Every structure is written in C-alpha cells, then in structure tokens.
Amino acid sequence: SNMKIKKIFIIVPASTDDSPVKGAAALANSLSEWVSVTFITLKPGGADFNLLNENIDRVSLAEYSWYYKVKALYKLLKQAGNRENIATISSSFSADFINSLCNKHAVTCASVRGNLPVNYLHTYGFIGRLIAYSHLKRLKKLNYIVSMTHSMAEQVEQYTGRNSPVVGNFIDEGRIVKYRKNKKINKVLRFIFTGAFIERKQPLLLIDVMAKLHNQGIVFVLDMFGDGPLLDASKKMAEKLGVASFIVFHGHVNEPYEYIAKADVLILPSLSEGVPRSVLEALCLSIPCVLRDVDGNRELIQSGVNGELFSTDLELPNLILKLVKQMHNESFHKKNLIPNRFRQNSCAKSYLNLISQ
C-alpha cells in the first residue's frame, strides 16, 4: 500500500484503565508495528499505566490549561511534519473535542465507542441527552468518524449526516492469550460478570437470575468484578435471595484474566453496549458469552457458535443452561471465539487504510 501516513497521535482523556483507553492502547500497540505512534493524555491518570509497548512515545498535557493543551498539541503536530503524513485518532468526549480543532495539522479521526445518547442519559440524567448531542455535533468537524458496529454507525450517521466507516473494537490479544486454560468440565458451574455496578449494566437482574438457577438445583459460583453505586444493593439482594454464599464480589480488579479463563460462561445483561471489552477478552480465552440482544451485540455473538443472545429477562435462566449444556457437548477448547471483524490485526489495518486514503 502507498503509506503516506508516517506518524499517528492517539489522544485519550487520561491514562486510566477504563474501556475506551484500553481500546486506544490496543490500537496504539498494533499501529506501532507499521508507523511511529505517540500516545497523548489530557488529564492526570494512573502512574501504574502499563498497557503500551516500549516503542510508543508518551506525552501528558495534564498540567496545562485547556488553551495551552491545544497550543502544545499544535506544536507537536507541526514538529511532526506535513498534514498528509500525520493522523490523530481520539476516543471520548474531551479527546474528540480537542481533536476536532486539529484539522489544519493532521488527518483527524474519532472512534465512537458506544450508544452515546443512551450511555450519557444513564450517566448524567436528562442533561446527558444534551451532552451526547453536542458530542455528536462536534464529531462532524473531524475527517473520519469510525464506529465499532453497524448499529452504532447508523446512529452516528443519523446525528451527524456523515458516513461512518465501521471498524470493530478489539483487544490486545497477545497480552491475554497466555491465560488460556485447558478446559475441564466443572462439577460446579462458574459464571462471571465484569463491569460497573450501575443500572445500565443490570447487576441486580443477574443476581435474581442466579436465585432462579439455585432454585432449580443448579450448583454454581458467580464471580462479580467491578464496583459502583449498586454494589451494596447487590450484596443485600444476594443475602435476601439466599445466594450470597455462591456469589463472590471481588470489587474492581484490573486484569481478572485468571478468573475469566476458569469460567464456563460470561454473562453481561447490560441495556446498552458498544463492543464490550470484557466480552472480547472472554471470547479470546475460549469462554462463550450471554448478552442482551441490543446495539451491536449480534455482530459479536453468533448463537450456538460463541454464546447466546437474550431479548427478555425471563428467558435468561434457561438460555444460560442451554449454553452450558452445549458447552458440555462441544469443545470450545483453546479456540479464539472472537469473530474475524473484531480481531486485532485486521482492525488495526483497517484504521491505517482508512486514514491513508
């Protein structure tokens, strides 16, 4: 390919370990095999941030005011060369905003990572609708707006009136594959949930489902990773429904891969999703997943191949059992269950081809 792009700047709010930043780090690592990559953070973040490989430059603009952040970024871009050799890729509101001011200096690209109107409504209440609207409006200023699923692209196109190419979300498969285990059929089923304990992720529903399975005589352990405002309510509910001794609340754990690799099924009943990293991680470790049939989840989960999708809460207990039964008959053994279009190498190449046009 006639690679014009020589330098790529990846812009994120902060070096924290939340999903969009992990996604940006996986992208940076992949792209750094082909071009020079600089990872830019705008706000203070974790000192123990270790997701980037060693050939990526890191620049923090955390100590500057917003005005000077923009000036410092312009300076970096100008030093890097001509506009046609430089690209910027951002994800999340503050990063997209600053990126939208860079069109003179770089080929600009934003990566949309979720159903913004729904997510912002859940996070900020009614004002979230306005934030989502202004975020999507701001995206119009960028050269490329990339969506992770077709359902997300449709939404972006509707709000911005611009075409949105689809490039899957992906994870650093190399960092995770080493945790893959030889599958043993467990006498005790192991379920896993990873995510924030917030309404959108539906942890209380999952505990209710576990109580139903328990009442059917199913023997299981559920590992729940994450924290949030519903954590206490979740613990109380587990007590009340008599399943507290089968549910382990681990709190927030950076890399629960050891646990995911031992699980039989990952269950994520969220009301809205981008392409959940925890699901990609589980699939990479040969663990099938049960997800709600919302947003782009059907682009990720193929029924009977790498998991199941549910539409109504009532069907969830039986669907989990159906998947468990299928697992016992079929070997998901040491397979990468991630569909091709969410594989790291092909997705990173798609980004590169897009910004090189």
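Colleague: How many salt bridges does the count come to by this rule?

Modeller: Happy to start there, with the reminder that this is a predicted model. The rule asks for a side-chain nitrogen of Lys or Arg within 4 Å of a carboxyl oxygen of Asp or Glu. Counted that way, the salt bridges come to 10.

Colleague: Let's take Glu173 and Arg343. How many residues apart in sequence are the parts that this pair ties together?

Modeller: Their side chains meet in a salt bridge, with 3.1 Å from N to O. Glu173 belongs to helix 7 (residues 173-177), while Arg343 sits in the loop between helix 13 (316-329) and helix 14 (344-355), so the parts joined by the pair are apart in sequence by 170 residues.

Colleague: Nice. Which helix holds both Lys212 and Asp208?

Modeller: These two form a salt bridge, and their closest N and O atoms are 2.8 Å apart. They are four residues apart, about one turn of the helix, and both lie in helix 8 (residues 203-215).

Colleague: Is Lys212 buried, partly exposed or exposed?

Modeller: The partly exposed class runs between the buried limit of 20% and the exposed limit of 50%. Lys212 has a relative accessibility of 38%, so Lys212 counts as partly exposed.

Colleague: Now Asp313 and Arg292: where does Arg292 lie?

Modeller: The two side chains meet in a salt bridge at 3.0 Å, N to O. The pair ties together parts that are 21 residues apart in sequence, because Asp313 lies in the loop between strand 12 (307-310) and helix 13, and Arg292 in strand 11 (residues 289-292).

Colleague: Why does Arg292 count as buried?

Modeller: Asp313 makes a handy contrast, since Asp313 counts as partly exposed at 33% relative accessibility. The limit for buried is under 20%. Arg292 counts as buried because its relative accessibility is 8%.

Key. Residues numbered from 1 in each chain as written. Predicted model: local features only at pLDDT ≥ 70, side-chain atom pairs only at ≥ 80, totals over all residues. Heavy atoms only, no water. Helix = DSSP H or I, 4+ residues; strand = E, 2+ residues; numbered from the N terminus. Buried < 20%, exposed > 50% of the residue type's maximum accessible area, 1.4 Å probe, protein only.
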